[in-house]
Amino acid sequence: MYQDVGKYGFINTCLQSLVIEKFGEETWEKLKTSAEVQDAFMTYTVYEDTITIKLIQEACKVLGVSMEAILKLFGEHFFQFCKASGYDRMLRTLGGDLTEFIENLDALHSYLALSYQEMNAPSFRVEQGADGKMLLHYYSDRRGLCHIVPGIIEAVAKDFFDTDVTMDILDVSQEEERTGKKEHVVFLIEHKSHRQMSRAKPKGLQDSQDIQRDSEIPGALEAASLRMKERYLSISVYPVKKSGWEVVRSIVLSGKGHLRDTFEPIYPERLWIEEKTFCTAFPFHVVFDESLQVRQAGVNIQKYVPGLQTPKVRLDEHFSIVHPQVTFNIFSICKFINSQFVLKARREKLPAAWRGQPTLTLRGQMIWMEATRCMMYVCSPQLRSLRELEARRMHLSDIAPHDSTRDLILLNQQRLAEMELSIQLERKKEELQILSKDLAIEKKKTEILLYAMLPEHVANQLEEGRKVAAGEFKTCTILFSNVVTFNNICAACEPIQIANMLNSMYSKFDRLASFHEVYKVETIGDAYMVVGGVPVPIGSHAQRVANFALGMRISAKEVMNPVTGEPIQIRVGIHTGPVLAGVVGDKMPRYCLFGDTVNTASRMESHGLPNKVHLSPTAYRALENQGFEIIERGEIDVKGKGKMTTYFLIQNLNASEDEVMGRPLTRTGPAEVSAQESQESQDSKTLAIMRYTDSWQLPPKSDTASASDQSAPKGSPVMGQESVEAAGGQWSSDQTKTRHSANHTLPSGFCALF
């Protein structure tokens, strides 16, 4: 019923289904990552055994359970998974009881091998014991996987036969078979029906007895195990006492249903068929004695293996056993009497002209005949398709009309075509999944680039083909800056030097804009423009822009003038007031601001002084009593505005330079730091975070921690916030109460360490 764990993707898919169903999708992702396996498995693709073994071992570590528990749980789930995968009816018809079911498992594996040609299935053999007990012999090429069997058998017994089964391991050994070491495990199976279980002892009493039984001394357990082992070893597997029909009759009459209780077959006094007719009616059969000497053979098996016509020839001289993988002697064959046997003709014994074509492979049943002390092998050619039939130069007429192998070849021909189509579909599906993931990554990159140029809600509307209506913002804070003597620098330098200087400066400004969550509107030449409170209104817009301006002034000191080699100087102007914002243009659309507030902010910059942050009266009132040091410049004549009393922003009294810049904090404390702490400090930097009362976004990522980082910000500083209706944008209701003294104030833009 299972093909030893490993090989086909069906097994790994079942394991994936188990983990997801019992422990969740996250556990499977963690397990898959730790085991370093691919994302998906294809049903008909062959995988290495090590993949499945690694998955099971990692499951033990991740889930904290033993290998035995995982394998048994896998066995239970594998049975349900097979039923859900379309094998339900096939499994139900294997046998009328648990014994018949197990005895026909090898036949099922032989049939499935037509489709799963690389399947390496285990073998099962059942022995009837006293009091309804059974001994199940399990043979496998793989060691340590026997605990899957109890999970499968117990689930089958409960589901198909309404029986609760307990399975205990009596013996585990290694048998030297034809292919080497083969694990041989003997299980003791005890079962009783649910009706008997209902009259059993109460659960609490039963549990207490189980605990008492489990707590017995190891010596008693070992003695009991030895007694059971002696009992199963004393049972003869060589059918010398009873004929096959007598054994079947004793099983049939053991009380399993009214039909079995009343039916008894009638046998003729003699066999009414002559030898020639029998050999023609069953063209593929061989009768051989205990020494493997061939006594009789069908007409067509003689046709394709001419050596069988030689008198006193041994069967093992012309055939080898492919399945089950046992030594070719009568004792080993009797051990697996309930298994389907696959025999393959030896190429070296065939006529020389035939050795270039595929050899004949037979599949059938071994039947022991006690009266003649001979074994009869009734078989058919093992062929999967018409192509294999032609390759062996055979015809459908060579197979007896009553043999279903004819129909099986034709049906399997169609199934193989369907399987090939299924494999192609699975491959296409896997390719599409990979392409889908790659597309999602590229889409994310495109979105990041798009959100860096336009606000997120605006970009989404344009992407959907909708027009973006202009919105009025009742109050916001706008900043302009430019480089002092920029025209003189341009006249004295090469263009590439100017481009490098501006790129270095703007990269630092962009990082600060993302850090303080203000929106970068545009750059024209050496002019840099940002706004706070647009496109999403926020109450601390003035404080954010002010802190951004202080950071600009510090960052400018790190950018060198290519002419003098000295730090450049910048002028900064800030104004607070209402604006109208919207998208203009179809080609390369830009989110632009309109209104007198923009002009006034520009005038504050142009009338400012080098390395000074120039404030308008409204900007001063927005920052007053908010923890900033501000000095009055006095009354000046502003072009187009007349006389205005303006101010200079000096510093933030409640924030250090590192906090304004968002730099990593310097560790303070004992001089001696452990190696582990040192490594942790390198892996994750502690940042100085500007926290505002209306902040909701997470702290900046570590890739923005360094003030000297030259990379542009990854997206708009307001990415992810809700859009504002065109004409009804309102400020955040989270306003902070302030005191009038600058030295005892709790500003709406305060600094905290995160």
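Helices H20 and H21 are roughly antiparallel to each other, and I will start with that pair. Before going on, please keep in mind that this is a predicted model. The axes of H20, residues 495–516, and H21, residues 541–556, cross at roughly 155°. Angles over 145 degrees count as roughly antiparallel, so that is the word used for H20 and H21. The two axes come within 10 Å, and the crossing is right-handed.

Which residues make the contact between H20 and H21? On the H20 side they are Lys508, Phe509, Leu512, Ala513 and His516. On the H21 side they are Arg544, Asn547, Phe548, Gly551, Met552 and Ser555. Sorted by class, the contact of H20 with H21 has five nonpolar, four polar and two charged residues.

The crossing of H3 and H4 is right-handed. From H3, the contact uses Ile56, Gln57, Ala59, Cys60 and Leu63. From H4, it uses Met67, Ile70 and Leu71. The contact of H3 with H4 has seven nonpolar residues, one polar residue and no charged ones.

Let us move to helix H6, which covers residues 105–112. Six of its eight residues are buried, so H6 is largely enclosed by the rest of the structure. The buried residues are Leu105, Asp106, Leu108, His109, Ser110 and Leu112. What do they pack against? The list is H4, helix H5 (98–103), strand E3, strand E10 (340–345) and strand E11 (361–369).

In the loop between H6 and strand E3, which covers 123–128, we find Pro122. Is Pro122 buried or exposed? Pro122 is buried, with a relative accessible area of 1%; the cut-off for buried is under 20%. Pro122 and Leu105 are 17 residues apart along the chain, and their C-alpha atoms are separated by 9.4 Å. Leu105 itself is one of the buried residues of H6.

Ser332 sits in helix H15, residues 330–335. Its relative accessible area is 7%, so Ser332 is buried too. If we set aside its neighbours within four places in sequence, Ser332 is in contact with Val326 and Thr327.

Last, the whole chain. The chain has 754 residues, and 45% of them count as buried. It contains 25 helices and 22 strands. Take the contacts between residues at least 6 apart in sequence: 65% of these join residues at least 24 apart.

Key:
Residues numbered from 1 in each chain as written. Predicted model: local features only at pLDDT ≥ 70, side-chain atom pairs only at ≥ 80, totals over all residues. Heavy atoms only, no water. Left-handed = near helix turned anticlockwise from the far one by under 90°. Helix = DSSP H or I, 4+ residues; strand = E, 2+ residues; numbered from the N terminus. Contact = heavy atoms within 4.5 Å. Nonpolar A, V, L, I, M, F, W, Y, C, P; charged D, E, K, R; others polar. Buried < 20%, exposed > 50% of the residue type's maximum accessible area, 1.4 Å probe, protein only. Axes fitted to C-alpha atoms, helices over the stretch in contact; angles between N-to-C directions. Parallel < 35°, antiparallel > 145°, perpendicular 65-115°, else oblique.
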